[in-house]
Amino acid sequence: MINKIQELNALEQLSGGDTYAHRLNPAAKLLATAVFIITVISFGRHALMLLVPYVFFLTLLMILSETPHLILLKRFLVALPFCFFAGISNVIFEPAPYGLISFFTILLRAYLCVMAALLLVSVTPFCEIANSMRRLRVPGVFVAVLEMTYRYISVLLGEAYSMYIAYSLRNAGKKGIRMRDMGSFAGQLLLRSFDRAERVYNAMKCRGYVLNAIPQNRQNFASKDFIFLILVCIFCLAFRLMVI
């Protein structure tokens with residue numbers, strides 16, 4: 001459990017780097033990621049080979065930002081089962097070899113989209129991403145839900161870890177949680193998480209947090225930000241328009 005908490009905080013630690021990618025305007029990186037993801041998901045379900053250039057481009061961005069690929073890959077593996085079950089039906093219902101091509105295309109598209117989002121978080125502090133979304137007039141409810149979910153995951157894991165340690169001490173020599181105790185454990189975890197989250201939110205309000213406030217200390221676009229955004233758009237659209 002403690003390893004999961006450390007892995008969750010690893011991306012936040014990576015966002016404090018000082019590479020060229022870290023110094024770019026957060027809004028430019030957010031828009032570039034959105035263009036990349038929208039372009040990738042616009043491909044058809046049989047466009048497996050057409051997505052290969054996007055893999056190389058994403059890998060290049062990881063190298064330039066000095067982001068360890070293994071850390072992002074571990075996060076992607078969490079989403080892999082959902083992608084697998086979403087694509088396995090194509091293998092069953094489509095004739096060969098189209099079903100298999102469609103299956104791998106779904107996995108590759110999911111890989112590109114998830115890794116692009118994780119790369120954005122690894123080179124940009126999440127608070128700056130949320131502030132950029134507010135400046136871009138993204139609906140405040142969506143930003144708040146995204147922000148609170150991201151922040152409260154660590155709170156939930158912390159509470160679960162404390163409860164698991166207490167449970168283990170009361171059941172010496174037994175590993176895991178017994179099935180008959182699972183319901184009460186989950187219920188207590190939910191109640192403790194609500195209580196802890198409320199205290200965290202009250203502390204945030206005491207420090208001046210306003211739900212939908214647009215930050216005033218905005219970072220203006222520099223020439224390097226425009227160049228980066230334009231290059232990403234040119235690359236994504238060029239390979240996409242080649243197959244239309």
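Visitor: What should I know before I start?
Guide: The model is predicted, so local features need pLDDT of at least 70 and side-chain atom pairs count only at pLDDT 80 or more, while totals for chains, interfaces and linings use all residues. Residues are numbered from 1 along each chain as its sequence is written, and side-chain values use heavy atoms, with hydrogens and water left out.

Visitor: What is the mean pLDDT of the chain?
Guide: pLDDT is the predictor's confidence in each residue, from 0 to 100. The chain has a mean of 81. In 90% of its residues, pLDDT reaches 70 or more.

Visitor: Which elements have the lowest and the highest mean pLDDT?
Guide: Elements are DSSP runs, numbered from the N terminus: helices (H or I, at least four residues) and strands (E, at least two). Helix α1 (residues 2–14) has the lowest mean, 66. Helix α3 (residues 26–41) has the highest, 93.

Visitor: How many disulfides does a search of the whole structure find?
Guide: A disulfide is a covalent bond between the sulfur atoms of two cysteines. Here the test is a pair of cysteine sulfur atoms within 2.5 Å. The search finds zero. Take Cys 236: the nearest cysteine sulfur, that of Cys 233, is 6.9 Å away.

Visitor: Is Cys 236 buried or exposed?
Guide: Buried means under 20% relative accessible area, exposed over 50%, partly exposed in between (1.4 Å probe, protein chains only). Cys 236 is at 0%, so it counts as buried. Cys 127, at 36%, is partly exposed.

Visitor: How far apart are the end C-alpha atoms of helix α6?
Guide: The expected span of a helix is 1.5 Å times one less than its number of residues. Helix α6 (residues 98–123) has 26 residues and should span 38 Å. Its end C-alpha atoms are 37 Å apart, which agrees. Of those 26 residues, 20 are buried, so α6 is largely enclosed by the rest of the structure.

Visitor: Where does Glu 66 lie?
Guide: Glu 66 is in the loop between α4 (52–64) and α5 (69–93). Its phi is positive, about 60 degrees, although it is not a glycine. At 61% relative accessibility, Glu 66 is exposed.

Visitor: Which element gives the most to the lining of the largest pocket?
Guide: Rolling a probe the size of a water molecule over the atoms shows where empty space is left. Helix α3 gives the most, with six residues.
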